[in-house]
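Here's a quick tour of a protein chain and the ligand that goes with it.

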Amino acid sequence: MTGSVRFVLGGRVVEVRDPAPATTVLNWLRANGRPGSKEGCAEGDCGACTVVLGSLTPEGRVRYRAVNACILFLPMIDGKLLLTVEDLAGEDGDLHPVQKAMVDKHASQCGFCTPGFVMALFALYHEERGVEAGLSDGAIHDALAGNLCRCTGYRPILDAARAMTAAAAEDRFDRAEEGIATLLRSIRREGSLTVTHGAASFHAPHSVKELAALFAAHPNATLVAGATDVGLWVTKQGRSLPTLIHLAQVRELHRIEESAGALEVGAAVTYTELLPVLERRLPELAALVTRIGAAQVRNSGTLGGNVANGSPIGDSMPALLALGASLLLNRGGVRRELPLDRFYHGYRKNDLKPGEFVERIRIPLPREGQRFATWKVSKRRDQDISAVCAAFLLTLDGEGRVADLRAGYGGMAATPARAPALEAALAGQPWTAEAVAAALPALDRDFRPMTDMRASDRYRALVARNLLMRFLLHTTGAGMASLEAAHG
Ligand SMILES: Cc1cc2nc3c(=O)[nH]c(=O)nc-3n(C[C@H](O)[C@H](O)[C@H](O)COP(=O)(O)OP(=O)(O)OC[C@H]3O[C@@H](n4cnc5c(N)ncnc54)[C@H](O)[C@@H]3O)c2cc1C
Ligand code: FES
Ligand code: FES
């Protein structure tokens with residue numbers, strides 16, 4: 001055990017002895033002679049603080065991921081390579097290909113957003129160079145969706161992204177890869193990390209067993225996985241979190257187990273890690289996950305954090321509720337499994353007992369003949385909070401009647417929830433526009449949505465209905481004319 005957080009920065013190992021655990025990486029950088037990364041929003045929304053973290057793959061390569069330094073706690077980068085905009089140019093002042101493309105395309109508009117754009121593009125440049133056909137505009141947009149340019153100068157930035165990938169070649173980070181890997185191996189930790197700072201402490205256990213014992217001993221500690229929710233409690237709400245237990249170093253929590261009928265997702269699996277598996281096994285949910293935050297948020301944030309945080313507008317839960325997901329909970333090594341639809345008791349209240357944590361999420365996959373879809377409705381495609389999110393799993397009997405419909409909704413109540421009245425109203429009914437239209441008023445018994453700055457209650461109620469109608473269209477291909485006739 002050591003109280004030093006160790007990471008690689010500027011080509012050498014940096015040790016920070018017992019930092020205040022909730023110090024953000026951004027604040028630490030700016031206080032330690034690296035002001036290139038900027039603070040715009042301090043809540044993960046604007047990308048001005050984007051830095052890149054490098055870590056070793058099982059094959060010994062270095063993988064680069066863009067993250068928001070403003071909501072990342074310093075001890076969370078233990079064992080990683082930290083790259084900031086100051087690191088990209090060579091010592092002789094040679095610009096990195098990403099920087100050169102930004103200059104050549106006149107994309108460097110203001111000093112505030114540009115460092116974040118450059119770092120987001122750097123991560124893209126390194127992750128996607130294997131793509132033979134070059135990067136699609138979609139991939140470029142995805143990589144930049146977490147970076148806000150307030151002067152609306154996106155076009156030259158997109159030009160730079162296209163130019164950098166066209167010119168993609170070996171760069172000095174590739175040439176230095178073996179050296180970086182050696183440095184990363186030299187700081188690899190076999191045991192857990194504990195940082196203490198006055199009365200505050202940060203613990204990063206390495207195994208589920210250690211985590212269970214630690215949390216049982218400190219049941220008032222705050223668990224932190226990616227900190228894309230917890231980080232804001234510090235930067236926006238000014239909360240002090242005296243004891244933090246970090247989950248990302250727990251090896252077992254990064255496992256995704258695939259069987260014929262289900263996925264078992266460890267609680268520390270990030271959205272980015274989960275996406276390739278979802279694309280193969282559950283593409284409808286993969287499409288939704290690409291709408292959660294932006295790349296920087298998905299590189300840190302986890303499904304486990306989303307479920308445990310239990311926000312009424314958490315986007316994964318409607319789908320998980322519809323699919324019949326369950327949680328494997330662990331308290332001091334004693335495990336129990338709980339269906340997700342019994343997990344939430346009220347606004348941000350759940351069934352977790354003191355010292356209990358989510359170990360895995362079990363997601364049953366739709367069976368042959370079942371239909372599943374999930375959609376999020378928000379004002380923007382990316383980096384926006386849902387007004388309403390809905391998911392449906394439909395099983396029809398041999399005569400085209402509803403044998404079972406599971407509907408999960410977010411944004412409609414104090415917690416993400418199923419719609420039991422709607423489900424009951426459709427049970428045994430033919431899966432037709434007329435029957436669905438007749439069942440829709442049941443949604444008013446399930447939910448009394450509220451009005452807030454995102455949407456009015458009436459809008460939410462209408463969207464909830466329309467999403468079910470969309471599901472009907474999606475599954476039957478029914479024409480709009482028949483829907484309108486049924487709907488009046
Ligand atoms: C800019 C931005 C955009 C976002 N956009 C979206 C969005 O589009 N849709 C959406 O749904 N969310 C969004 N979020 C919220 C957030 O990213 C997600 O909720 C994410 O899944 C949280 O995961 P995390 O690992 O970062 O959780 P953390 O912040 O680490 O933890 C969240 C909560 O869960 C608890 N927790 C974490 N892991 C466990 C566990 N294993 N067992 C028990 N408790 C645990 C923590 O104690 C905390 O209470 C956004 C956040 C930001 C900053
Ligand atoms: S400062 Fe805006 S995302 Fe970090
Ligand atoms: S680049 Fe900063 S506002 Fe556009």
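Which element supplies the largest share of the shell around ligand 1? That would be helix H13, with 5 residues. Keep in mind that this is a predicted model. Below, we'll go from the ligand to the domains and then to a few strands and a helix.

**Around the ligand**
- The shell around ligand 1 has 30 residues, and the ones that come nearest are Gly-44, Ala-225, Gly-226, Gly-305 and Asn-306.
- Sort the shell by class and you get 12 nonpolar, 14 polar and 4 charged residues.

**The domains**
- The chain's domain assignment gives domain 1 (4-186), domain 2 (193-248) and domain 3 (255-487).
- Taken over C-alpha atoms, the centres of domain 1 and domain 3 are 34 Å apart.
- Those two domains do touch, though: 14 residues from domain 1 and 11 residues from domain 3 take part in the contact.
- On the domain 1 side, strand E4 (62-68) and helix H4 (137-144) each bring at least two residues.
- E4 gives the largest share of that side, with 4 residues.
- Split by class, the side of domain 1 that touches domain 3 has 6 nonpolar, 5 polar and 3 charged residues.

**Strands that pair up**
- Strand E6 (residues 193-197) and strand E7 (residues 200-204) run antiparallel to each other and pair over 5 bridges.
- To spot one of these bridges, find Thr-196 and look across to Ser-201 in E7.
- The hairpin of E6 and E7 has 2 residues between the strands, and Gly-198 in this hairpin takes a positive phi near 60°.
- E7 has another partner too: it pairs with strand E9 (residues 243-246) in the parallel sense, over 3 bridges.
- Ser-201 turns up again here, standing opposite Thr-243 in E9.

**A helix and what follows**
- Which residues are buried in helix H2 (residues 97-104)? They include Pro-97, Val-98 and Gln-99, along with Ala-101 and Met-102.
- After H2 comes His-106, and the phi of His-106 is positive, near 55°.

Conventions: Residues are numbered from 1 along each chain as its sequence is written. Chains are lettered from A and ligands numbered from 1 in the order in which they are written. This is a predicted model: local features need pLDDT of at least 70, side-chain atom pairs count only at pLDDT 80 or more; totals for chains, interfaces and linings use all residues. A residue is near a molecule or strand if its C-beta atom, placed from the backbone, lies within 6 Å of it. Ala, Val, Leu, Ile, Met, Phe, Trp, Tyr, Cys and Pro count as nonpolar, Asp, Glu, Lys and Arg as charged, and the others, Gly among them, as polar. Domain bounds come from an automatic or database domain assignment. Two residues are in contact if their C-beta atoms, placed from the backbone, lie within 7 Å. Two strands pair if DSSP finds at least two bridges between them. A residue is buried if 20 or more other C-beta atoms lie within 10 Å of its own, exposed if 12 or fewer, and partly exposed in between; C-beta atoms are placed from the backbone.
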